[in-house]
Structures are given as structure tokens and as C-alpha cells.
Amino acid sequence: MGLLTEGSPLSWEQTKEHADHVREHGIIQFINLFHRLKDKTGDILKFGDEVEYVILKVDHKNKIARLSLRGGEILKKLNAKEQENPENVNSLWRPEYAAYMIEGTPGKPYGGLTAHFNIVEANMKCRREEVERFLEKDEILMCLTAFPRLGCPDFTWPICKPNPKDGASHSLFFPQNAIFQDHPRFVTLTRNIRKRRGEKVAINLPIFKDKNTLSPFTEDFSILGDDGESAKAALPDHVYLDAMGFGMGCCCLQLTFQSCCIEEARRLYDQLTPLCPIMLAITAASPIFRGYLTDIDCRWSVISGSVDCRTKEERGIEPLKKNKFVIPKSRYDSVDSYLSNDSSKFNDIPLIYEEEIYQKLKQNNIDHLLSQHIAHLFIRDTVSLFSEKVNQNDEIDTDHFENIQSTNWQTMRFKPPPPNSNIGWRVEFRPCELQFSDFENAAVVCFIVMLTRVILSYQLDLVIPISKVDENLKNAQKRNAINTEKFWFRKYINLSSTMCSNLLKDPAFKNINFTPDDSEPVYIQMTINEIINGKEGEFPGLIPLLNSYLFSMEIDADTHCTIQQYLNLIKGKASGEIMTTASWMRNFVRNHSSYKFDSLVNDEINYDLLMKAYNIQTGQDSCPELLGQTLGKFSKTTDNIPSSLKKAYCPKQSC
Amino acid sequence: MKSHKSRCISKNTTHTNNLMKFTKKKKKKTTEQIIEGLKTCLFSCEDFPKPEGDSLHLKRAILINQTDEDKKNLQTMIKVFITSEDLNCLNDALQYTISDLELPCINSVILSYQHKTNETQNILEKLLFMWKTLEDLVVQGLITSIGISDVDTDVFINLYNAVEVKPSIHQINLSACCVVPPDLQEFCKEHDIRILTHNDPFDILPVNILKPLFQVNNEKNEADETKRFSNINVAWVTRFQAHIKCRGILSNKGYIVRLNLR
């Protein structure tokens, strides 16, 4: 979840005093690193995924599944192996916000051979097994975007009570001990975000109105110790959440890839931005919060609200007095501007930044688009500062820059090379929700990385106005958006490329006009099915484009077999033949014998749902309605790339 | 075979692509691509390609994503589709395509020998005969590795054991990529052979699809030209493709077709 610095955190009051100091030096650090690294080129493709896992403690006798707070303990054991032999581990493990979470990444990034798409799933499987060795009796490891009964009474193991008066979040539902305790960052962030905001965070999710749901649906929070703040903040007919843990305690699937140079990174940042809402809708996996079925399918608005540190002035509720700006979005939200010249004409929402900071960047020979991007990130105050890190050498250190960069949690992240490494310019893709199985998660990762290759090979242009991407992101979270919503998407995907028009002579894309009349907008509204699978005579579809690319590459049989399974999954989700995880969960609840059609997901439903999901993950249940027809244990995914392929395609062992 | 200059490269070139196919209906994508390419070539050239002697070369290609830096990092492959075991024909196909690409060395060449279905008995013999040509090009340093497509496991193993320059690629149809025979898999693993996929029909450019193309086009041409094209047949087809090493970026793809006009 961002930079982890060892040391002692400053109090909010001290942190606040240093806000301008961090900003000033963060900008200088960026200027220095930019000029040091802007010409770095020739980097090959490398990519990696980040999967967040939850540890469950299951009481089979009473049919209760709880979140086990042993993340820190397990992490110590996992990290011991890494410390012994950092160069030669299959996976790396890092703490996450909640004590029941851990984050795993591959030990080394995957490389740029097509065969690397065949090792992602095997690595995920291996990662899971590494953790499972350290689990206790009745503990299981799961990929779960949002634990359905998060914030319900006694949802943790050991059972902890919320601390509405003295905890970092003052939550009525989320206990202090459910926050990861072995590193001070998480508690500090929680406290500082609440303090900066001036009140508890407040998230209201529309409740899913079933036939017996209370109407209007309201709850009495006084019995939980509410002093009136929650009663005021909660909206009728909504599920109310009041803590950072409801968002940052969710898990997600992120991927980062290295570009060959800064220009390519900027381009891919732009090109993937319009895909964020689409992938969010496809991977939707969180319809239940605090034990209630909601009318949304995704975590995004929850996590956005959960770290919304804007004051009332900044949210536009009170006139500006102490603060500088009214800020339209939380620091966890969709990106606000494109970074490359070709896309800049689609930067159509006002970008807020301090003129002085922007000018400083410009004066130091950073171009307009990057200057405004960085200046915009730097409207945020630091919300976590460590005493040891206040004074830095701006020539070498980048902590102050990273401090602000890593607490701007946006759909995409543009990442400069880290200091003292041979890593290149990178882009992080952050919207996706987690699926239950390694197969599905690997499919999502490979799909996106392959798409970046198609975009670069065919010089596709998928960019649409940022305001339309924002509109899409809102719609993507709605219940069953994948099958019911329409999304703005670029119809003419080759405007700036001569190459692409040639592609269209491919008989597969017959009758599709890729160059518009002058009067016609380049983007239209399409269903996800049309975007992914194509629409005859209108839009080629991302999967047909991908297939066209794949068939022009040298791909080994096992990898091609695996890729086909992945594409079938995405294809099936988009066409509605296969359910999203969110629809499947909603469906499971509504068909459960103890569900009373009152939106309530009780302990028994929760237990049965999670046990079923666990069996899907282990492969014990094949669940074609969620996964489609899969190869199951006959999957060709493998731990290592065959030596014949290594010898042929990367003799220097560079990839 | 002296017709190296008789290519037709239109200014508005085409990137022809294949589509992975899962159904029978779509099985002819490669053919369609070549035909589409030929059509564009025949109809968009300012001058109709002039045959030289008895042959006509048609090329559809694009060059994309190639900076000078990229050129040093290309991974290139030629697949040659051939119906006759005539060594001159194979040699012509490869020499022509290699020189056309203007690269000092091609990473891999795959031989697709499209024998008649009743010929299976002598297939190994014929392949061994043709293999010599490929080996020569490897010895000359024009090709790094050679492979073969769509042969039975025993034919492949026998070929492997009989030849001097060993095949390092076995190309199979995409539809079989999830069900590679275990004995083939084991053999390939043991000998560092790549099993790669393709999506090409058995007969890549059937004459009955090709001929009408020329009849239509010839309405624009003189009568004696029409006559020349009445007996057209395919000598060979090559597909070339290149990607940038370790970046997964497709850089070049196209086809060259040589037609005989006898």
C-alpha cells in the first residue's frame, strides 16, 4: 500500500507542520530524479502482479468464518526466507493495511517472452502454498476483495471490539486491532486521515432492495456507542461505513510493468486509463459490505471514501478559509490527466495545482503535461511522516516525492525508476478486483499485459476524454454493470497511426471503418461485450485484436493453450455467458436457504459462501458458471520457462 | 527465377493478420488474408505487376515499429509453404524472401510441405531430400535454426535422427496446442526443441480461390495478358514475421507469393 519506512511516526500536529517541507523537497527530489533518469532507454518488458490475500479462521462446527489477525506473525516467517536468500525466492511478502491481510508478489518480475504468460498462474499457486505452510488448524488463505461481514460484530479472530472513542479511526465497527500493528504506518495513516478531514470518514452504499428489505432501511448506531456523528452521516437506504479499514481492508489485484523508456511509459499510462473502468466492471467482486447486499458490485467507491482526507472546505461544503482549494476527488480516485502529447487534447477536466509548484517544475525543464501531473499530485498533504525521514539529501533521496506519490492512490500510477536500481520507467494498473482462483487472476494479469503489447505493436489509440473515463468509472461499479451499462469507448482506434489502418484490411475486421468523418466523435457508447468481443461493422473488439497479434507472434504450444483459456474467460464474462464474481456472490446469497430476502448476509450464508469460494479456488468445485470450461488440473501453466525457449529467445539471459 | 524485381509493393501497404480460430468456418483465415493482400496488391498498384518469364512475385508487407535500435533486436521467422519437393523451388522461396527482408540472418525457418494426402508413405524421404537445402542455408549462416510443421511424431523423430542440422522447432496447429502427444512432448523436451503453434490451413492458397482473382483483374488488361493467367498456379508462399526481442512487440509481418504462369 505504499512506501514503508522504518522509524517513529510524527504526531498529526507535527506532520501537519511539515506539509510544506515535504512538498517543497518532494518536488526538488522529483526534478533531480527526472533529469537523472529521463534518458534511460532500452529496457525490456518486465511485469509483476500484486495479489492481496486474507487469512480466514473458520469455525466449522458453528458455521462461522472470521478474519484471522495473524498476518503479522505469518509475514515474519515468510520474510525470514527472503532475508536468507533474497535473490532466490519465488515470492516476496509485504504487510498490508489490515492484520488479516498479506500481499504477495513474484520473487522476480516476469520477463518479455510470450512464454512468461505461462508462468504467472504457477507462481500465484506457489505463492499460495508458501503461506499455507504457516497456517494453523482451521485457517485458510483466500483471495477475497471484500470480506462480506467486514465490520459485523465479532468478525475477527481473536474477537476484538471496536474502539469508537479512542481508536485511530473512531469506528463503531472496525476494531483497532484489525489494523496491521507491526508497522506504525497503517495506524498513523488512519489517525491522520481522520484528523485532517476533521471527522470520521463516511461512506454510504445504496442497499440492495430485496423484497423483504426494510424500507426505508435505517440502523440505530447508538447501541454501538455512537455520539451522534454516525447517525448524522448515515443516509437512509444505505449501508453506512465509517472507517479506513472498510476500504483499505479490501484486497485487490494490481500489476506493474516496465516500459522501454519514459515516452512509452507515458503512452501506456494514457492508453490504459480508459481501460480501468472496463476492467473494474469485468472483475467486479464485492457486492456485500458489513453483512448487507448492496446495490454496487465493486470496492472502488468504498476505498475512495475510506481515505478521503479532504476537509469540509476542500469538499466544497464550507467556504474556503483555511484551505487553498476545493478538490473534486479523494486522493484515492481515478486519474485526472493524460501524460503524452497525443492524448493531451482529451484532458478536459480542470486540473487543480499550485501555480508556484507548477512553475518550479516548468522552470526546471519538465514539460507541461508532466509538470501539471506532478503538481496536481502535490496538492495533497503528507499524511504520514517519520521523524528519521524529515531531513533528506534531495540529490539522492526520493522519500518525500514517494511520500506524496504513494498516497495518491489512483487508477493508474506513473512510476519513475527507483533510486540505485537498474529498473526502468514503469506504469501500474490498479483498478482490478480480485477473483477467487489463481486461474482467473492470472487471466486478468495476462490479458492486460498482452493488451499493452497489442497497443504498442499496432500503435492503437484508445484515449477518450478524461471526463468520459470518470463517467465510466462511476457506472462500472453499478450492480451488474458488465451486462447492463454502456461505456464510452474509442470507436476509431487508429487516428494517429498509419499502421493501424493497414491492420483493418485484415478480413477479420472487414467493413470496419477506422477513420471517422470530420464531424463524427471518435468515441461512442458500447457495451462491454462490444468492447471486448467486437461489433460487426463497428468495432473490432479487444480480443479479436489480441488474437490477431498473438497469431503473428512465436508462441509455444503450452503458453498458447493457457492464453486461450484466459481469453475464453474474459470473453465469456464480457458476453454474459459467465458471471462476474460479484454476480455469482449475489446469486449465491439470494439462493441460500437461510436468506430471508432482507439484504442481510448472516454468519451461516457467509460461511457457506466462503467455503464454496474456497472449493472453487482449490479446484474441488469446477463452477463453470463462474470460470467457464477450464482445463482444471490439466492446465499447462508451469513454474519455469523451458530451456529451448530461453535459448532461442533470450540467449543473454536478460529476460 | 530471374524475376526478383517483379514484386508489387503498393504504397498503401497492408498488415495482414491471422485470427486464431476455434471453429471450422473460420479455418481459412490465412488464405483469406493472402487473398485480401493479393487483391489489394493487384488492384491498387499503379501498374499491374509485370510477369517476368513464367513467374510473378507478389508481396504484401508492412514495416512497423522499427527504429534502428529495434532492428538490432529483431527475432525473425520465415515459414515456407510448398507443394513440390523440387529443390529449386524451395531454394528460390528462401533465397528470395531472405534477400527481400534485407537482414543478414534469419532466426528461424519453418518448412511446411503440403504434400498430397495419399503421399504419406514417402513423406519422410521427401522431407529428408528437402532438408538438405535448409541445412545448406544454415551452414552458409543465413539461417540460425530450422523447423518443420505438421508432421506426425514418428516422422519428426526419424527426421531428427537422420539429419545433420537438427530441427529445433516443431510447429503444430493451434487447435492441438492443449493436446500435444506426450511422446512428442517428451522428445522435444529432451532435445531442446520448441513446439510452436500456427493457425494455417493445410492448403494455404487453393487455386480455385486464386484464379477468379486474376480473371476479374484482367478485364482491365489486354487480351493476351488474360491468356497468360489462365493456367496460373502457386509455386510457393512464404510468410515472414518479426518481433522485438524481449518486448513482445510485433514489428513486421507479411507474405510473398510466387505464381507460375505456365
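# Reading the terms in a predicted model

Author: A:Pro216 is placed in the loop between β7 (203-206) and α6 (229-233) of chain A, and the model in which we find this residue is a predicted one.

Reader: What makes the peptide bond from A:Ser215 to A:Pro216 cis?

Author: The answer lies in its omega angle, which is near -5° for the bond from A:Ser215 to A:Pro216, and the bond is cis.

Reader: How do you know whether A:Phe597 is buried, exposed or partly exposed?

Author: Its relative accessible area is 23%, and since buried means under 20% and exposed means over 50%, with partly exposed in between, A:Phe597 is therefore partly exposed. The residue lies in the loop between α21 (581-590) and α22 (603-618) of chain A, and its phi is positive, about 55°, although A:Phe597 is not a glycine.

Reader: What is the phi of B:Glu102, and is B:Glu102 buried or exposed?

Author: The phi of B:Glu102 is near 55°, which is a positive value in a residue other than glycine. Its relative accessible area is 69%, and because the cut-off for exposed is over 50%, B:Glu102 is called exposed. The loop that holds B:Glu102 runs between α3 (87-101) and β3 (106-113) of chain B. In general, most residues other than glycine have a negative phi.

Reader: How do you know what span to expect for helix α4 (residues 120-132) of chain A?

Author: At 1.5 Å a residue, the 13 residues of α4(A) should span 18 Å, and the end C-alpha atoms are 19 Å apart, so the two values agree.

Reader: Why is α4(A) said to be largely enclosed by the rest of the structure?

Author: Of the 13 residues of α4(A), 10 are buried, so the helix is largely enclosed; among the buried residues are A:Val120, A:Met124, A:Cys126 and A:Val131, and also A:Glu121, A:Arg127 and A:Arg128.

Reader: Why are helix α9 (residues 275-283) and helix α15 (residues 466-476) of chain A called roughly parallel?

Author: The axes of α9(A) and α15(A) come within 8 Å and cross at roughly 5°, and because angles under 35 degrees count as roughly parallel, the two helices are therefore given that name. A:Pro277, A:Leu280 and A:Ala281 of α9(A) make the contact with A:Val469, A:Asn472, A:Leu473 and A:Ala476 of α15(A), and these residues divide into 6 nonpolar, 1 polar and no charged.

Reader: What makes α15(A) mostly covered, and what do its buried residues pack against?

Author: In α15(A), 8 of the 11 residues are buried, including A:Ile466, A:Lys468, A:Asp470 and A:Asn475. The buried residues of α15(A) pack against several elements of chain A, among them α9, α10 (300-306), β16 (487-490) and β17 (523-526).

Reader: How do you know how chain A compares with a compact globule?

Author: For 655 residues, a compact globule would have a radius of gyration near 26 Å, and chain A has 24 Å, so the value agrees with that expectation. Chain A contains 24 helices and 17 strands, and its C-alpha atoms fill a box of roughly 70 × 60 × 60 Å along the principal axes. Buried residues make up 64% of the 655 residues in chain A.

Notes
Residues numbered from 1 in each chain as written. Chains lettered and ligands numbered in written order. Predicted model: local features only at pLDDT ≥ 70, side-chain atom pairs only at ≥ 80, totals over all residues. Heavy atoms only, no water. Helix = DSSP H or I, 4+ residues; strand = E, 2+ residues; numbered from the N terminus. Expected span 1.5 Å × (residues − 1). Buried < 20%, exposed > 50% of the residue type's maximum accessible area, 1.4 Å probe, protein only. Axes fitted to C-alpha atoms, helices over the stretch in contact; angles between N-to-C directions. Parallel < 35°, antiparallel > 145°, perpendicular 65-115°, else oblique. Contact = heavy atoms within 4.5 Å. Nonpolar A, V, L, I, M, F, W, Y, C, P; charged D, E, K, R; others polar. Rg over C-alpha atoms; globule rule 2.2 N^0.38 Å.
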